[in-house]
Amino acid sequence: MTKLSNISGGRQHKLKCHDVYFDEVKLGLKTFEVRKNDRFFQCGDSIILERYVWKKTGWTKDLNSKPISRVIGPVLQGGQFGLETGYCAFSLFKSEDWEG
């Protein structure tokens, strides 16, 4: 796999993740995220995904699940290609596939 360079300052973002999508990221089936861009996500930043499950009382953090760490790849800003302004889409890489 091609190694990518860390382009930004490498900030870290802790994010809640729906259990179904969390499991798909963990298995390597989901390699992207679409998020409200209220954190100014940049290529080279890292994210920590925490698994959340739906219970009668609402969304609850799954305390039995270990968080997943990923590095953000190229970021598509909203306002183009059908992505709403204020949102972004970005690719996810395992840290071993990322050269920082």
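Before I start: I call a residue buried under 20% relative accessible area, exposed over 50%, and partly exposed in between. I am working from a predicted model.

**Entry 1: Asp23 and its partner**

I looked up aspartate 23 with that scale in hand. Its relative accessibility is 31%, so aspartate 23 counts as partly exposed. Which residue forms a salt bridge with aspartate 23? I found arginine 51, with the closest N and O atoms 3.0 Å apart. Arginine 51 counts as buried because its relative accessibility is 17%. I also checked where the two sit: aspartate 23 is in helix α1 and arginine 51 in strand β4, so this pair ties together parts that are 28 residues apart in sequence.

**Entry 2: the helix itself**

While at α1, which spans residues 19–27, I asked which of its residues are buried. They are Asp19, Phe22 and Val25. These three cover an arc of only 120° around the axis, which puts them on the same side of α1. What do the buried residues of α1 pack against? I noted β2 (12–18), β3 (32–36), β4 (46–55), β5 (58–61), β6 (68–77) and β7 (87–93).

How many salt bridges does a search of the whole structure find? I got seven. As a reminder to myself, side chains of opposite charge can pair when their charged atoms come close.

One of the pairs I opened is glutamate 33 with lysine 30, where the closest N and O atoms are 2.6 Å apart.

Next I went to lysine 61, which forms a salt bridge with glutamate 50, the closest N and O atoms being 3.1 Å apart. Lysine 61 belongs to strand β5 and glutamate 50 to strand β4, so they tie together parts that are eleven residues apart in sequence. Lysine 61 counts as partly exposed at 35% relative accessibility, whereas glutamate 50 is buried, with a relative accessible area of 8%. I then saw that this pair is part of a network of salt bridges that links Lys14, Glu50 and Lys61.

**Entry 3: a nonpolar patch**

Last, I turned to the surface. Which residues form a nonpolar patch there? I listed Phe32, Val34 and Tyr87, which together have about 270 Å² of accessible area. Valine 34 has its place in strand β3, and its relative accessibility of 46% makes valine 34 count as partly exposed.

Terms used
Residues numbered from 1 in each chain as written. Predicted model: local features only at pLDDT ≥ 70, side-chain atom pairs only at ≥ 80, totals over all residues. Heavy atoms only, no water. Buried < 20%, exposed > 50% of the residue type's maximum accessible area, 1.4 Å probe, protein only. Helix = DSSP H or I, 4+ residues; strand = E, 2+ residues; numbered from the N terminus. Arc of directions from axis to C-beta. Contact = heavy atoms within 4.5 Å. Patch = residues over 30% accessible without salt bridge, like charges linked within 9 Å, V, L, I, M, F, W, Y side chains within 5 Å. Areas by Shrake-Rupley, 256 points an atom, 1.4 Å probe, with all protein chains shown as cover. Salt bridge = Lys/Arg side-chain N within 4 Å of Asp/Glu carboxyl O.
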